[in-house]
Amino acid sequence: MTEFVAPIGTNRWPVENCATVFAETDTFLETARTVALSRDGAVVVHRDGTIAEGMVRVDQLSPGERRRTDELPHAGWMGARHMSALETSIREEVIAAITLSEENGRVTVFTDGTFEDFPATSLLAD
């Protein structure tokens with residue numbers, strides 16, 4: 001992973017509040033909401049669910065990796081961050097890339113060049 005990410009300033013995920021994606025749902029969602037509204041950058045989640053403290057910038061695809069990007073499905077609402085996550089999801093080392101929109105709360109999960117979109121209203125508990 002260090003081959004295609006670089007630290008993004010001092011932006012960090014508050015691991016003291018939520019160190020894993022397997023934390024209580026309310027804790028994870030509130031931490032994610034706070035981060036999305038106050039910082040830029042990607043968060044790296046390891047296979048065991050722990051969240052890396054340092055937020056990162058994802059480098060562009062190499063020429064060899066770009067071979068598939070013209071064929072990737074995308075939606076008209078997707079901006080640069082979403083397109084970057086979509087492209088990142090085709091990397092062999094990446095299980096999934098997830099975006100959280102600070103504008104409307106939309107969560108999008110990108111896996112192997114495809115995506116599934118969850119509007120904020122669909123994530124609210126009853």
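In this predicted model, Trp-77, Phe-110 and Phe-115 form one aromatic cluster. Phe-110 is buried, at 0% relative accessible area. Phe-115 is partly exposed, at 29%. Trp-77 also meets a charge: the charged end of Arg-106 sits over its ring, 3.9 Å from the centre.

Strands of a sheet pair through backbone hydrogen bonds, either parallel or antiparallel. Here, three strands form an open sheet in the order S3-S4-S5, and the pairing is antiparallel. Strand S3 (97-100) and strand S5 (114-118) stand at the edges. Each has a single partner strand, so one side of each is left without a neighbour in the sheet. On average, neighbouring strands are turned by 15° against each other, direction ignored. Strand S4 covers residues 107-111 and is joined to S5 by five bridges. In one of these links, Val-109 has Glu-116 of S5 as its bridge partner. Helix H2 (residues 80-88) lies across S3, S4 and S5. The helix runs at about 165° to S3.

A search of the whole structure finds three aromatic pairs. One of them joins Trp-13 and Phe-28, with ring centres 6.0 Å apart. The planes stand at 35°, so this pair is tilted. Trp-13 lies in the loop between strand S1 (5-12) and helix H1 (25-38), whereas Phe-28 belongs to helix H1. The pair therefore ties together parts that are 15 residues apart in sequence. Trp-13 counts as buried, at 4% relative accessibility. Phe-28 is partly exposed, with a relative accessible area of 24%.

Conventions:
Residues are numbered from 1 along each chain as its sequence is written. This is a predicted model: local features need pLDDT of at least 70, side-chain atom pairs count only at pLDDT 80 or more; totals for chains, interfaces and linings use all residues. Side-chain values use heavy atoms; hydrogens and water are left out. Two strands pair if DSSP finds at least two bridges between them. Helices (H or I, at least four residues) and strands (E, at least two) are DSSP runs, numbered from the N terminus. Axes are lines fitted to C-alpha atoms, for helices over the stretch in contact, and angles run from 0 to 180 degrees between N-to-C directions. Contact means heavy atoms within 4.5 Å. Rings of Phe, Tyr and Trp (its six-membered ring) pair if their centres lie within 6.5 Å; planes under 30 degrees apart count as stacked, over 60 as edge-to-face and the rest as tilted. Buried means under 20% relative accessible area, exposed over 50%, partly exposed in between (1.4 Å probe, protein chains only). A charge sits over a ring if NZ of Lys or CZ of Arg is within 6 Å of the ring centre and within 35 degrees of the ring normal.
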